[in-house]
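This report covers helix packing, nonpolar cores and backbone geometry in one protein model. The structure is shown first, and the description follows.

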Amino acid sequence: MAKKYYVVWKGREPGIFTEWSECKAQVDRFAGAKYKSFATLDDAESAYRGSSVASKVGSEVRKRGSLPTKANNKSSSKTATLSAEGVAAMTFDTKIFTDGGCDPNPGRAGSGLAVYRDNEISTLWYGLFNPTGTNNTAELNALNQALMMAQTEREEGRTVAIYCDSKYSIQCVTTWAAGWRRRGWKKATGEIKNLELIKEMFTRFEALPAGVQILHVNGHVGIEGNELADRMSILAIETQSKELNQYDEPIDIPAILAMTSG
């Protein structure tokens, strides 16, 4: 039997699936479900996103819904977790990796970023130290800086992927914030932590042009950019730098990776 790719636009979890059983789980008994099968991944990607700007990704990405649901190609939280191979296979002009650290949690917090252009390391950033922060706040701060960078990159004509290992941060901005805003920035279960920062980030996220994706990677699984961002977050804590600083030493990747990790 020829392989099929199943697009779910409206269901429990929108995305692209390679197995009918997975697709059925999203649409069965779901009111107003919208889905369709396609013969090729290219056709499925184009149909799902309404455009052909999708980059090819590793095979593990294609097994679950991993593509953005927003019409302008910014990603939602319905995003598969990428491996190092999946990240490397993506053809974005600029790749920004973010991470946040806190020691202890709550306690001393800092953020780090690693920026690649054409798959080559370009710059490293560290800072945003908070002596009474949390890991979530540090992760949000790093993602916020990446959103700012992404805006500039797109203005200069480069496509951008942001890779974040915090599902909380991704979901805050791409999924939950829209509902919180509709309800007057409230949620039924209590306080929205980091609310002012999330408001700022959501405004920035909504203003992003097409050509930006926010994607999830696991931390500490050998993805170089994620590891470098992690080391920068630790450097931020060690230096207690409240400003975001560019790492001005030579970028000796093995030496940086040998630094203490978070």
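## Helix packing

The axes of helix 4 (residues 135-155) and helix 5 (residues 167-182) approach within 9 Å and cross at roughly 60°. That makes helix 4 oblique to helix 5, where angles under 35 degrees count as roughly parallel, over 145 as roughly antiparallel, 65 to 115 as roughly perpendicular and the rest as oblique. Axes are lines fitted to C-alpha atoms, for helices over the stretch in contact, with angles running from 0 to 180 degrees between N-to-C directions. Helices (H or I, at least four residues) and strands (E, at least two) are DSSP runs numbered from the N terminus.

This is a predicted model, in which local features need pLDDT of at least 70 and side-chain atom pairs count only at pLDDT 80 or more, while totals for chains, interfaces and linings use all residues. Residues are numbered from 1 along each chain as its sequence is written, and side-chain values use heavy atoms, with hydrogens and water left out.

In the contact (heavy atoms within 4.5 Å), Asn 136, Glu 139, Leu 140 and Leu 143 of helix 4 meet Tyr 168, Ser 169, Ile 170, Cys 172 and Val 173 of helix 5. By class, the contact of helix 4 with helix 5 has six nonpolar, two polar and one charged residues; Ala, Val, Leu, Ile, Met, Phe, Trp, Tyr, Cys and Pro count as nonpolar, Asp, Glu, Lys and Arg as charged, and the others, Gly among them, as polar.

Helix 5 also packs on helix 6: their axes come within 9 Å and cross at roughly 90°. Helix 5 is therefore roughly perpendicular to helix 6. The helix 5 side of the contact includes Tyr 168, Cys 172, Ala 177 and Trp 180, and the helix 6 side includes Ile 198, Met 201 and Phe 202. The residues of the contact of helix 5 with helix 6 divide into 10 nonpolar, one polar and two charged.

## Cores and burial

The protein has eight helices and 10 strands. Of its 262 residues, 49% are buried, meaning under 20% relative accessible area, with exposed over 50% and partly exposed in between (1.4 Å probe, protein chains only). A nonpolar core is a set of buried Ala, Val, Leu, Ile, Met, Phe, Trp, Tyr and Cys residues joined through side-chain atoms within 4.5 Å.

The largest nonpolar core has 29 residues, and those with the most contacts inside it are Ile 96, Ile 162, Trp 185, Ile 198, Met 201 and Ile 214. Elements giving two or more residues to this core include helix 4, helix 5 and helix 6 (195-207). A second, separate core of 22 residues includes Ala 114, Leu 215, Val 217 and Tyr 247.

Glu 45 sits in helix 2 (residues 41-49) and is buried, with a relative accessible area of 3%. Glu 45 and Ile 16 are 29 residues apart in sequence and 7.6 Å apart in space, C-alpha to C-alpha.

## Backbone geometry

Most residues other than glycine have a negative phi, and most peptide bonds are trans.

| Peptide bond | Form | Omega |
|---|---|---|
| Asp 103 to Pro 104 | cis | near -10° |
| Asn 105 to Pro 106 | cis | near 0° |

Pro 104 lies in the loop between strand 5 (94-103) and strand 6, and Pro 106 is found in the loop between strand 5 and strand 6.

Asn 194 has a positive phi, near 60°, and lies in the loop between helix 5 and helix 6. His 220 has a positive phi of about 60° and lies in the loop between strand 9 and helix 7 (224-239).
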